[in-house]
Amino acid sequence: MKNEDFSPIKWINGTVELIDQTLLPFKEKWIKITTYPEMINAISNMQIRGAPAIGIAGAYGLALGAIEISKTKKLKSAQKFLSELNLISLKLINSRPTGSNLKWAIDRMMNIANTIEEIPLITSSLIKEAKKIHIEDIKSNHNIGKLGAALINKNSKILTHCNAGALATGGYGTALGVIKSANNEGKISKVYSTETRPLLQGSRLTIWELINSNIKAYSIPDSVAGYLMQKKEIDAIIVGADRITANGDVANKIGTYTLAILAKSHNVNFYVAAPTSTIDIKLNNGSEIPIEERPREEVTNIKNIKIVQDNVTIYNPAFDVTPNTLIKSIITEKGVIYPPYTLNIKKIFGGNNE
Ligand code: MRU
């Protein structure tokens, strides 16, 4: 992966191909997705992951669903077609509950479909819209990168958590987009990437991306972050987001909140980088965000090796919520948002709450 615009997902002649992120970094295997249930599996098994990438996958999944209904059901009325499509849209939305981008993308697709009265045109418009969502996301990330890089001082040591890179988006990345842009401007001295237990998105995926972008990177156990901050080894923390509420609270990979608290105690700037499609202005604050709980095997096993006894009770939430008070700013493609977040998030949406 040398190309900065690497994308983890592609639409190729009526099918989708995605790089299986459960196998990285040791195997770069692309899998073919031809039906919407296969897409639901790929999202829930995390073969594709990261909120914006899941949104794009959902949009392509709905387009696949439209193709399937056309081929198998031979429906004559657009109304019946749309009600079948609506059922598929709900199944796709439920495949991962915390991230905002999946519902955002599916709603955008359904809004288009609902205005069209000819079945073939519904399908072709959905394919077109899914590709548009994908291209727009890459463009947003480049803007986020540029705006975020301007906030980074020369010679910075940055810490990031989980993977908010090209793999988690349409391409380039949000938090990693900022790091890549700042590195292109010669501002990065080194990047610390937390390993991100239990699924190791940091040590497997972020490090893979940083090495491919020739950025000096260290993989650290999650528990090392506080020690590094105490030693003044971190100038800024930049993370992505799965869902941001109207008041600027941020749901992101479990462990993000711990890092934000540590950052506050050590006077380290804590930045969130995310496209506006991650902002859910219908939710007032972080307590309203549904937090996904993942299977126990993700904690009890590493690959096929058991590390915990069978009779141990496991709690495995995939995300936590960082309160807006701990966040220096939120870097979006439309501009950098500063506190007071409720007011300034409203402004970025043009004062419109819909
Ligand atoms: O469970 P994951 O791997 O999908 O979680 C991903 C994250 O938490 C990312 O930080 C977030 O989606 C932002 S990606 C640009």
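How much space lies in the second largest cavity?

Guide: About 70 Å³ of space lies in the second largest cavity. Please keep in mind that this is a predicted model, where local features need pLDDT of at least 70, side-chain atom pairs count only at pLDDT 80 or more, and totals for chains, interfaces and linings use all residues. Residues are numbered from 1 along each chain as its sequence is written, and side-chain values use heavy atoms, with hydrogens and water left out.

The lining of the second largest cavity is made up of 13 residues (a cavity is a set of points on a 1 Å grid over the protein atoms alone where a 1.4 Å probe fits but cannot get out, and lining residues have an atom within 4 Å of a point). If you want to find the centre of the second largest cavity, look for Pro198, Leu199, Lys253, Glu298 and Ala318, which lie nearest to it. Sorted by class, this lining holds six nonpolar, two polar and five charged residues (Asp, Glu, Lys and Arg count as charged; Ala, Val, Leu, Ile, Met, Phe, Trp, Tyr, Cys and Pro as nonpolar; the others as polar).

Searching the whole structure turns up two cavities of 30 Å³ or more, so let us turn to the other one. The largest cavity has a volume of about 210 Å³ (the space filled by probe spheres set on the points). In the largest cavity, 23 residues form the lining, and Arg49, Gly50, Ala51, Asn163 and Asp242 are the closest to the centre. By class, the lining of the largest cavity divides into nine nonpolar, ten polar and four charged residues.

Which elements take part? Both α2 (51–73) and β9 (250–253) supply at least two residues of the lining of the largest cavity (helices, H or I with at least four residues, and strands, E with at least two, are DSSP runs). With three residues, α2 gives the most to this lining.

Definitions and conventions: On a 1 Å grid over the protein atoms alone, a cavity is a set of points where a 1.4 Å probe fits but cannot get out, and a pocket is an open set with protein on both sides within 12 Å along at least five of seven lines; lining residues have an atom within 4 Å of a point.
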